[in-house]
Amino acid sequence: MPIPSDYYYAKLGKPNPRRTRHLWSPESVRQILHNYTYLGHLVQLRTTTVSYKNHKTIKRDEEDMIVVKNTHEPIVSQELWDRVREMEQSVSQGKRNNSGYVANLSGLIYCQDCGNKVRLAWNNTTNDSKKKPRKYIRHNYNCTSYMKFGKRYCPSHYIKMSYIDAVILEDIRSLASLVVENEDAARARFLAHKTKHHEEQYAVDTRKLTEGKYRLQELDTLIQTIYEDKVLGKVSEDVSMKLMAKYEAEQKELSAEVAELEARLSAIKQDEEDVELFIARLKKYTDVQELTREMCLELIEYITLDAYVEGQSREIYINYKLLDEPLKDKRSLF
């Protein structure tokens, strides 16, 4: 797709007179991926003014705008839009080297001891000489606190990039193989893992919700009956007012409880959607042979790494997106 200036002059049948590389700027792409209009929605009341006297334009908060959905054909798909929002919320922004390369797990690893990020560290590969100048290559990770303040603040978490990449790749491949071998069993396992905290509560909440809705209907009938009896003179005003106040207080409290129960039960449905999306992502990497940055950003929320102790095995936690917590307690590195 041509950039706006190229498109404009192409419509006029003229070459673009501006000095340009004919490439979209990052800022232009960012604006498109934050503009609901490209998603097929009409956004109104984007701005306002200070007052009818001061016409200085002020951008409204997003919740104060009016969005009319599906008014025209979208240019940006909902899937791409959601992926961009997901990447913005990611803990990793990544760090580029001089050639623009970003390591697969850059920004995704945290120290299990101090909680700071584990970052890329330098290794010199040759001695400094005229024939062989010293070269520094980032091919290992270590705790930021250790690199800044030493072992008094936090122990070393040194690990080679190739080692941890291999472990992450193997874990992703093992999950993908579960889906390939028996997708239903894998789905049940992922869902059971995700819902384990509220699985037992689900039946109780369902029963309470049914009872609560039924009681709200009863209260509506009772309030209507008391009002009619008061009008007909069957019940005194004092008695009717007391009963009305009692039933209305119960109705208000019960309505809040029903709303909370509905929100909790809707989370169960969201869990099922999350698991389906996670499986769909895994299917893309069933035959993957090497770890990529895209794969890590799509599947992994963050990773925690324990300290390095020579001669001892090490373990990490891999927190996958859409599953909330690690599928297993730990992953052994060696």
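**Notebook: surface and salt bridges**

I began with the surface: the protein exposes about 22700 Å², and carbon and sulfur atoms supply 51% of that area. The model is a predicted one. I noted that 32% of the 334 residues count as buried.

Next I looked up the fold elements and found nine helices and eleven strands. I also checked the contacts with a separation of 6 or more, and 56% of them are between residues 24 or more positions apart.

**Entry: charge patch**

Asp61, Glu62, Glu63 and Asp64 form a negative surface patch. I placed Asp61 in the loop between strand S3 (57-59) and strand S4 (66-68). Asp61 counts as partly exposed because its relative accessibility is 45%.

**Entry: salt bridges**

How many salt bridges does the count come to? I get nine salt bridges. As background, side chains of opposite charge can pair when their charged atoms come close. I went through three of the pairs in turn.

I took Glu27 and Arg30 to start with; their side chains meet in a salt bridge at 2.6 Å, N to O. Both residues sit in helix H2 (residues 26-32), three residues apart, so about one helical turn separates them. I noted Glu27 as partly exposed, at a relative accessible area of 42%. Arg30 is also partly exposed, at 43% relative accessibility.

I then turned to Glu276, which forms a salt bridge with Arg187; their closest N and O atoms are 2.4 Å apart. This pair links distant parts of the chain, with Glu276 in helix H8 (residues 237-283) and Arg187 in helix H6 (residues 183-194), 89 residues apart. I have Glu276 down as partly exposed, with a relative accessible area of 37%. For Arg187 I have 22% relative accessibility, which counts as partly exposed.

Lys284 lies in the loop between H8 and helix H9 (293-299), while Glu298 is in helix H9, 14 residues apart from Lys284. Glu298 is buried because its relative accessible area is 3%, and buried means under 20%.

Technical notes:
Residues are numbered from 1 along each chain as its sequence is written. This is a predicted model: local features need pLDDT of at least 70, side-chain atom pairs count only at pLDDT 80 or more; totals for chains, interfaces and linings use all residues. Side-chain values use heavy atoms; hydrogens and water are left out. Patches are made of residues with over 30% relative accessible area and no salt bridge: like charges are joined within 9 Å, nonpolar side chains (Val, Leu, Ile, Met, Phe, Trp, Tyr) within 5 Å. Accessible areas come from the Shrake-Rupley method with a 1.4 Å probe; for residues, only the protein chains shown count as cover. A salt bridge is a side-chain nitrogen of Lys or Arg within 4 Å of a carboxyl oxygen of Asp or Glu. Lys and Arg count as positive and Asp and Glu as negative; His and the chain ends are not counted. The place of a charge is taken as NZ of Lys, CZ of Arg, CG of Asp or CD of Glu. Helices (H or I, at least four residues) and strands (E, at least two) are DSSP runs, numbered from the N terminus. Buried means under 20% relative accessible area, exposed over 50%, partly exposed in between (1.4 Å probe, protein chains only). Contact means heavy atoms within 4.5 Å.
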